[in-house]
Amino acid sequence: MIPRFRPTTGLAEFTALIRFWERAAVERHELAFAKALGQAHAVAFPYGRTGLRLLLEALELAGSQIICPAYTCVVVPHAIVTAGAEPVFIDSTADGNMDLDAAERAITPATKALIATSIFGHPVDLDRLAALKAHHPNLLVIQDCAHSFACEWRGRSVQAAGNAAIFGCNISKIATSIFGGMVTSDDAVLVESLRHHRDRHLQPPTRMRSILRGLYFVAATTAFSPAAYWLVDRLRRTGTLSSLEEYYDPDIIDMPADHLIGMTTVEARIGAVQSARLQDLITARRQAASFYRDALEGCPGLRFLPAPDGSSFSHIAALVADPEDIREKARSAGVEIGRIIDYVCPAMACYARLSVGQEWPVATHFAAHVINLPVYGRYDEMAYAKIVRRIRPILDAAAAAPPLLSSS
Ligand SMILES: *Cc1c(COP(=O)(O)O)cnc(C)c1O
């Protein structure tokens, strides 16, 4: 079974697992990350959502409204609520990103921040964002770059276009620190207060936790080899893995029990190695995206989401008429197709109270029809050609892909 993602590792990652007692590993990881992203500062967290929560708290945003996309990872509104603020959900445009015109219309005196998101690594329109910001100079802008490490809008770095940026670094992201997240910023005063807040609220991890994270990394890396992955798929289908895998209960707003335990040494050591690879990881994804676009051109069953130049392609996202049907058939052909966000956050039961009478037609369309194709941090044209050979007949025979919608 060909997995839809796989951490990109080499000898350096395995040497990084040794010396799990290194003292300043987290600081070293932060420096490497900031350098790789061209930002002055980076602050490490056990999860991206912990970084977002503590950032909102450090900015003293409890009680305010925070604008975020309806079509994003549900951990984002969960972090907003956990920080004591209220998410205001906005529909998407055709590339998957939040509609900034609608976002601007939603700003009220209680709105203090906006979470711009470059979903699937498609850069948010920084020109439109700058215009919005010019009309609302006090609005804080947080870039959610969990999907968009180092992506660019017309040559400008997305992560630098705001007060701070958050990153998710779990094993499925563009660069990984096993679990983990990061907040970057060029604002020294903000970073100082964020560090202070973090150091007061996060519990230090034990050395045993570091060792266990290292073992998890070895196990996960092994599991993603094509030979082993059929077993993973089997265990997943029989429900054996469900207690280990990320699972969202639509009825509750919660954070993981360990979200306030600091990043371990092993995670920081892996993260630092991955930062050194970042440009290569992104180049490989861009090559994959362009390979798929050429190889699947004219295929009636699939329509790629428009991806602006400068996209960093955490996912290669496309619309199909019936995602579950395609996924089942691709699985039989030995290829795992993803459905990364198959929900609309405000339509989840836990957010119903906040969104009575509202609709998100574009986000709803994406949730119903978006799939993502396998993509990795190392480019192997033969491997992608094999994937295309297996899925192209399925897509050629499928119902016509739905159109791109865009909000008014
Ligand atoms: C992964 C992700 C995050 C952060 O997730 P954590 O699991 O908390 O590290 C934030 N936003 C988006 C859009 C994501 O996909």
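Me: What percentage of the 408 residues of the protein count as buried?
Reply: In this predicted model, 56% of the 408 residues count as buried.

Me: And how does the radius of gyration sit with a compact globule?
Reply: The protein has a radius of gyration of 20 Å, which agrees with the value near 22 Å for a compact globule, because that is what 408 residues would give. Along the principal axes, the C-alpha trace spans about 55 × 55 × 40 Å.

Me: How many helices and strands are there?
Reply: The protein has 14 helices and twelve strands. Seven strands form an open sheet with mixed pairing, in the order 1-9-8-5-4-2-3, and its edge strands, which each pair on one side only, are strand 1 (41-45) and strand 3 (86-90). From one strand to the next, the twist averages 25 degrees.

Me: In which sense do strand 2 and strand 4 pair?
Reply: Strand 2 (residues 65-69) and strand 4 (residues 111-117) pair in the parallel sense, over three bridges, and Ile66 stands opposite Ala113 in strand 4.

Me: What does helix 3 touch on the sheet?
Reply: Helix 3 (residues 48-58) packs on the sheet and touches strand 1, strand 2, strand 4, strand 5 (140-144), strand 8 (164-168) and strand 9 (181-185), with its direction at about 155 degrees to that of strand 8.

Me: OK, and which strands does helix 4 lie across?
Reply: Helix 4 (residues 75-82) lies across strand 2, strand 3, strand 4 and strand 5, and runs at about 150 degrees to strand 3.

Me: Switching to the surface, how much of it belongs to carbon and sulfur atoms?
Reply: Carbon and sulfur atoms account for 56% of the accessible surface, which comes to about 17,000 Å² for the protein.

Technical notes
Residues numbered from 1 in each chain as written. Predicted model: local features only at pLDDT ≥ 70, side-chain atom pairs only at ≥ 80, totals over all residues. Heavy atoms only, no water. Pairing = 2+ DSSP bridges. Helix = DSSP H or I, 4+ residues; strand = E, 2+ residues; numbered from the N terminus. Axes fitted to C-alpha atoms, helices over the stretch in contact; angles between N-to-C directions. Contact = heavy atoms within 4.5 Å. Rg over C-alpha atoms; globule rule 2.2 N^0.38 Å. Buried < 20%, exposed > 50% of the residue type's maximum accessible area, 1.4 Å probe, protein only. Areas by Shrake-Rupley, 256 points an atom, 1.4 Å probe, with all protein chains shown as cover.
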